[in-house]
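Please read each point with the structure open beside the text.

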Amino acid sequence: MQPATAKWYDRREAVFIEFCIEDSKDVQVKFDKTKLDFSCVGGTDNMTHHNEVELFESIDPNESKHKRTDRSVFCCLRKAEPGRSWPRLTKEKAKLNWLSVDFNNWKDWEDDSDEDLSSFDRFSEMMNSMGGEDDLPDVDGADDEVSADSDDEKMPDLE
């Protein structure tokens, strides 16, 4: 028995964790107020997987759900106290080699409205598609110019 590889991300109302096991069978997910217990048989080797997670904060076990697909088992853990961010999934700070952050879905939602965040995401995608610093045009003398907020700047005479 070995743990299933998983990735997670945080949202205002819930925490999501995806156990990445293809062709899973005998899936069992138990939601407890402070713990998640996952087990299944799956993968190319038909191995038994088991993960037990002591959660960072409490969840509502009755409102938490899971869904099995051909590629993974996706769990939605409804937070007992919505609006509080989770800096990590686990209660302990220990690094678990089977668990990683799902950066494709991660949003730093604290102090941001969803509208602002979606605008920021579009902006980030646009910046990433434009390329890195190597693509910037070379401007002769750009480093020699004095910045506009410099104290050395000459003010026009106002007489």
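1. Lys25 has Val41 in β4 as its bridge partner, and this belongs to the pairing of strand β3 (residues 25–31) with β4, which is antiparallel and runs over five bridges. The two strands make a hairpin, with three residues between β3 and β4. As the model is a predicted one, what follows describes a prediction.

2. On from there, β4 also pairs with β5, again in the antiparallel sense, and here the pairing extends over eight bridges. Cys40 is found opposite His49 in β5. Four residues lie between β4 and β5 in their hairpin, and in that turn Gly43 has a positive phi of about 85 degrees.

3. How many of the eight residues of β4 are buried? Seven of them are, so β4 is largely enclosed by the rest of the structure. One of the residues to look at is Phe38, which is buried because its relative accessible area is 0%, and the cut-off for buried is under 20%.

4. Phe38 has an aromatic partner, for Phe19 and Phe38 form a stacked pair, with 3.9 Å from centre to centre and 0 degrees between the planes. Phe19 lies in strand β2 and Phe38 in strand β4 (residues 35–42), so the pair ties together parts that are 19 residues apart in sequence. Phe19 counts as buried too, at 0% relative accessibility.

5. Strand β2 leads on to an open sheet of five strands, whose order is β6-β7-β2-β1-β8 and whose pairing is mixed. At the edges of this sheet are β6 (65–68) and β8 (99–101), each of which pairs on one side only. Neighbouring strands of the sheet are turned by 20 degrees against each other on average, with direction ignored.

6. Within this sheet, strand β2 (residues 14–19) and strand β7 (residues 73–78) run antiparallel and are joined by six bridges. Glu18 stands opposite Phe74 in β7. Phe74 also belongs to an aromatic cluster, together with Tyr9 and Phe16. When you follow side chains along such strands, please keep in mind that in a regular strand they alternate between the two faces of the sheet.

7. The count of aromatic pairs comes to five. Among them is the pair of Trp8 and Trp106, which is edge-to-face, with 5.1 Å from centre to centre and 85 degrees between the planes. This pair links distant parts of the chain, since Trp8 is in strand β1 (residues 6–10) and Trp106 is in the loop between β8 and α1 (114–130), 98 residues apart. Is Trp8 buried or exposed? Trp8 counts as buried, at 4% relative accessibility, whereas Trp106 is partly exposed, with a relative accessible area of 28%.

8. Turning to charged side chains, the count of salt bridges comes to five. In one of them the side chains of Arg84 and Glu57 meet, at 3.1 Å from N to O. Here, too, distant parts of the chain are linked, as Arg84 is in the loop between β7 and β8 and Glu57 in the loop between β5 (47–54) and β6, 27 residues apart.

9. Arg84 forms a salt bridge with Glu81 as well, and in this case the closest N and O atoms are 2.9 Å apart. Glu81 is partly exposed, with a relative accessible area of 43%, and Arg84 is partly exposed at 40%.

10. A further salt bridge is formed by Arg68 and Asp70, whose closest N and O atoms are 3.9 Å apart. Asp70 counts as exposed, because its relative accessibility is 54% and the cut-off for exposed is over 50%. Arg68 is partly exposed, with a relative accessible area of 37%.

11. Finally, the protein as a whole has one helix and eight strands, and from the N terminus on its elements run β-β-β-β-β-β-β-β-α. Of its 159 residues, 26% count as buried. The accessible surface comes to about 11600 Å², and 46% of that belongs to carbon and sulfur atoms. Among the contacts with a separation of 6 or more, 57% are made by residues 24 or more positions apart.

Technical notes:
Residues are numbered from 1 along each chain as its sequence is written. This is a predicted model: local features need pLDDT of at least 70, side-chain atom pairs count only at pLDDT 80 or more; totals for chains, interfaces and linings use all residues. Side-chain values use heavy atoms; hydrogens and water are left out. Two strands pair if DSSP finds at least two bridges between them. Axes are lines fitted to C-alpha atoms, for helices over the stretch in contact, and angles run from 0 to 180 degrees between N-to-C directions. Rings of Phe, Tyr and Trp (its six-membered ring) pair if their centres lie within 6.5 Å; planes under 30 degrees apart count as stacked, over 60 as edge-to-face and the rest as tilted. Buried means under 20% relative accessible area, exposed over 50%, partly exposed in between (1.4 Å probe, protein chains only). A salt bridge is a side-chain nitrogen of Lys or Arg within 4 Å of a carboxyl oxygen of Asp or Glu. Contact means heavy atoms within 4.5 Å. Accessible areas come from the Shrake-Rupley method with a 1.4 Å probe; for residues, only the protein chains shown count as cover.
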